[in-house]
Every structure is written in C-alpha cells, then in structure tokens.
2 protein chains.
Amino acid sequence: MKKILNDPKDFVDESLRGILLAHGSQLRALDEDPRAIVRADAPVAGKVAITTGGGYGHIPVFLGYVGAGLADGVCVGNVFNSPSADTMLAVTKAVDGGAGVLYLYGNYFGDKMNFDLAQELAQDEDIAVESVRIADDVASAPRDEREKRRGVAGLFYAYKIAGACAAAGASLAEVKRTAEKVNANVATLGVGFSPCTIPASGQPTFSLAADDIGLGIGIHGEPGIKEKKMTEAKALVGEMLEYLSRDLALGGGEEVSVLVNGLGSTPPEELYLAYGEVVQWLDRQGVRIYRAYVGEYATSLEMAGFSLSLLKLDAELKKYLDAPANSPFFKQI
Amino acid sequence: MKKILNDPKDFVDESLRGILLAHGSQLRALDEDPRAIVRADAPVAGKVAITTGGGYGHIPVFLGYVGAGLADGVCVGNVFNSPSADTMLAVTKAVDGGAGVLYLYGNYFGDKMNFDLAQELAQDEDIAVESVRIADDVASAPRDEREKRRGVAGLFYAYKIAGACAAAGASLAEVKRTAEKVNANVATLGVGFSPCTIPASGQPTFSLAADDIGLGIGIHGEPGIKEKKMTEAKALVGEMLEYLSRDLALGGGEEVSVLVNGLGSTPPEELYLAYGEVVQWLDRQGVRIYRAYVGEYATSLEMAGFSLSLLKLDAELKKYLDAPANSPFFKQI
C-alpha cells in the first residue's frame, strides 16, 4: 500500500491535524477534538447555521464545505464511517447563533441514525434543528423511491445554495426549503474505473476487470446499475446524461447547472474533456447551461472515475448559486 | 486504458475545448486556436504581461495560472511536449500591454528552444521580452549547476509572486528580478509512487516494484535520486526535507512558505497528513512557516506521489505572496 501514512489507525486524526494547521484562519476544532470542526468565526449571531458530517475520505465532502456562504460546522467520522451523535451535538451547540441549525448531509443509514439522535438531544437543549438528507444518486433507487437514494456529489449544490440562503439572512424554514428544492431538482450518476483502498483495512472497495467500468457505482463502492466495457467519452457521457435527463424529465428549454466531478485519481484534463461532451449533448437537447463546475467536489480517496450532476434551475436557485463562497476547499468570487 | 477519451490524438484539443467552454468569462483562445490562451481581458494596458507554456498534462501548470495576479497568456503543447515558437509569438503579441512581456516557464530543453526563438521574433516586432526559467527540482542537479535543474512545482511560486509584482505596476526589469528571486530561493523534491499513462502512446511514464517508490522522479517520469522501499510518512517527509533544507542552507530562524503538491492521484487526505509532518519537522529546526499551500499545483496526469517545495521568504516575497489572485484553477482571496 503506497500511501502517505504512519500507523493506519491514526490516518484520519493525523490528516485532520494537517488540515487544521494549514487552515487555522478559517477553521477551528472544538476542545482540540479534530473530529469536530467549525468556522473560525462560529457562531454567527442571528444567522441560521448549517452543520454536516459523515465518513472521511471524500474531500472536499464534507469538511471542505465549511466556510463563508456554505456550512458552519462538520463532524468527521472514520474513513467511510459515520461520526457520533455526541460529536454532532457538540458542533450543533458551537455553531448555533440563535436562529436554529439545519443538518444537511448525505442520505446514509448510519449518518441518519446518529444525526437524528443529535437532533433530539439538541432540541432538548432548546436549539431548533431541522434535517435535510441529500439523495441524488439516480443509480441507487428510482425517483419515486427517492428516500432510498444515496447522497453523492449533489451535496455540493445543497451546501452552495442553502449556505447562500442562510448567509442572506433567511429563516430556518426558508433555508430548509431551499435545501429541499435542491434535493428535488438534482440528479447525479457516477462511473467507477478503479477502486480506492481504505488505509485501515488495506482492502479495495470493489474490483473490476481490466477493461470494465461500473456504471452507477457508489462512492463507497456500492453496487451500481451495471458493469460494462469502457467506451469512448462521447458515448459514455451520452449514456449517463440519458439517465439524468430522464430522471429530471428534461424536455428542452430548461436551464441547468452542470457538475463534472472527479472521484479521486481521474485527471482534470479528462474531466474537462467530458465537460465538452456534456455541452454538446445538452445543446442538442435544447437545455441551457447556466453555470458549470468541473473538478473534485466529492471524492472517494484515490478511486478513478467521475460523476455527472445536473441541477435544474429557477431564478431563486440561480441567485444563490451565483453568491460568493469561501472555504479552504471551495472559493467562488 | 480506462480514460475519458475519444480518439487519443484529439485528447489535448478536446480537453482544452472543455476548459474554454467552462471558463469563457476568464479565458479566451486566440483565433479559435485552443493552444493559444490568454486572459479574457488581455492585453492589460501598461501592465507587464507574463506568458508561459509547456506540455499538457500538468494542470494547473501551465494554463491554470492564467488569471488576475498571475500570468496573462499560455501556449499549450501536446502531452509532455513543448508548444511551438509560433504559438508563443501569437500569445506574446496578444498579451503585450506596452510594458513588455516576461516569459516564465519550466527549465526544459524543448521549451527553451522554442521560447527563445519566439523571444527573438517578438523583439523583431519591437516587443520587449525577458525570460526566466524556473529550475527548482533538487533531484535533477546540484545547486551549483542550477541551470540544469528541471522546473516543477516551484513554478507556482513564480507565477504567484511575479504575477503580483506585475499587477502592482512594476517594470519588466522588476518583475524579472522577483521571478529570479523566487528561482534562487525555492527548492522542490518529489516522490513517485506509480506512473501515469500518456493517452496517445498508452505507455506508462516509468515502472516501479510493488513496494518501491522513486525519490526525486520527475513529472515526466525522468529518473530521480534513487528507488527505495515505501516508508512511514514521518520518515519519508523527514528525508525529503533534509534535501530541501540542505539545498536552501536553512539554519533555523528563517521564514518559508511550504507547498505540499499532489502529483495526480494521491488524495488530499494524504497530502494534509504529510503537511502535518512538515510542520513538526520544520518546527524542530526552528524554521517558521509563513503561508502554506496543500493540494494539486503541478501534476502529471494520474501519477501517484507528491512533492514538497520550500520558498525562503523575505518581506518583499511575503508581500507578493499575500496578494490576491484569481484564475479558474487558483483563487486566493
């Protein structure tokens, strides 16, 4: 295993230590617990706070979206494992500026269990908490069973838009409503080329034949729609967009934001090539791209592959998408 | 070869098309040639312009540093191959705002040959041009033969500092002097874990045994100092910093900027773990870190591994390092 590691069991804490050392002007740990991180200026009085969390290994998801115009705090689990309810409660109390807290995270069983418990405990302490679980992976369930879908790169849009809404001074109910609007209007499909290896186990998350790819494979290696032979970019992007377009019922005339997300080791040079194909395909369908993001927004350590996300836009979503944001891992000027 | 590709011979142009489509508000191609890219607002009247260029496959090097507070134009070659003198001349003419142009690029034979020719041709057209070749890779030659060193991640510091100097209204001679000051004060050492594959050839850039790493291997797979067994992060970072510290004659009391650069597929989680080790090591030596950068700043497609760079600082370099910058691939607010 050629990884930058000391003892694999210290991987998460040592990595978080580096992040806190590098970005101390923007992030701080609570009581020197690197698993509980908040904006350096938290709590922001009168602002709805957004907290998130989940397993480690998906940077910039989750902690990379703690910053101005985004989320306020995060709790960090072990690699691909949920953090605890206690940590989420501590983060909740630290970020609450008196206007309530939105829990915004990916739709996974372990996270839901722990964060629901934290929500109850916070409410017992008279902090208003609401929760929205992002469920954007079209490969994991059909749209009419959306509560079963996994949360993947669409999380980025939820942080961006709910974060901008909160920064604009909206109420907890409004911030929750915009997060739910993102959830209803976003769809993601990923494709895996090769797995990552979890440091503590030394095991790859999945295996594929030398020229096979996994369409719809999850960011923890969950099974996808099918395995298939690698094809040219144009055909692959077209097939992925067929799924997304059908899921969002795009008929032409819509405006969307596009996210081409690298899963870890796929170079930006390839992601941009994919983006060129996305532009051509959507143009043929009469769908207009309002704003595009290309890069690493939700990863799985060194997994190879990428995902495409489409977010169907209206005037409100466009306004919040355009707002500035500033975290150590995502800046929009 | 599981890459996002159509015909491998179209890789560079199709990838550049995607970049220009995604970032049209900040970058534009000259005469629809995607190999010649300038800032959307070029030329900036009265400002010294900085142009750069080199082979493709190192994003954000080179084109990722075209932006405000950085470089003004770039010419793009094939993967790991120099662009032409003609393209560099076209870029030079498009960015010249009347205050002259600095050619700032990595120290490689092919680039020097082509850009020296472009410089002559530009001077024939009465454009003042100076050149600085960044040569920061300590593995490629000893310091007293620095003109033989390869240019690697230290290029980032040259763009950042010379770019800020030019943005501040300095003369061509001043901008050149600051770039040369960076060159004299920066040192980089990389380590490769696994190679990348060039799309057009399908061949990996080097090969290593399953538990071997290449200390000092170049970003095109050039031979390094030695192959050795993978070790724990603390020992590996310490060994790399010994080379850099000796090269820069650090004795304690200095201030440096640190760059932990991922070469492609090494996850940010690991890079930050390395940064934590850098902090501890430099602290023991009495060297103060003024500003740190961790992420992908000079890559080699999907090569695994990382490099460490140290830039020895003085008041002038700190001032320019702190200045804002804004390109599609690098933002400092």
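pLDDT is the predictor's confidence in each residue, on a scale from 0 to 100. That score matters here, for this is a predicted model. Chain A has a mean pLDDT of 97. In chain A, 100% of the residues reach 70 or more. The model as a whole scores ipTM 0.98 and pTM 0.98.

Now look at where the two chains meet. On one side, 46 residues of chain A take part, and they are in contact with 46 residues of chain B. Which elements of chain A give two or more residues to this side? Three are helices: α1 (11–22), α6 (233–247) and α7 (268–285) of chain A. The others are strands: β7 (186–194), β11 (288–295) and β12 (304–312) of chain A. The largest share comes from α7(A), with nine residues. Sort the side of chain A that touches chain B by class, and you get 25 nonpolar, 11 polar and 10 charged residues.

Next, stay within chain A and find two helices. One is α4, residues 155–167, and the other is α8, residues 315–322. Two packed helices are described by the angle between their axes and the distance between the axes. For α4(A) and α8(A), the angle is about 85° and the axes are 8 Å apart. Angles of 65 to 115 degrees count as roughly perpendicular, so α4(A) and α8(A) are roughly perpendicular to each other.

Which residues make this contact? From α4(A) come Lys160(A), Ile161(A), Ala164(A) and Cys165(A). From α8(A) come Leu317(A), Tyr320(A) and Leu321(A). By class, the contact of α4(A) with α8(A) has six nonpolar residues, one charged residue and no polar ones.

How values were computed
Residues numbered from 1 in each chain as written. Chains lettered and ligands numbered in written order. Predicted model: local features only at pLDDT ≥ 70, side-chain atom pairs only at ≥ 80, totals over all residues. Contact = placed C-beta atoms within 7 Å. Helix = DSSP H or I, 4+ residues; strand = E, 2+ residues; numbered from the N terminus. Nonpolar A, V, L, I, M, F, W, Y, C, P; charged D, E, K, R; others polar. Axes fitted to C-alpha atoms, helices over the stretch in contact; angles between N-to-C directions. Parallel < 35°, antiparallel > 145°, perpendicular 65-115°, else oblique.
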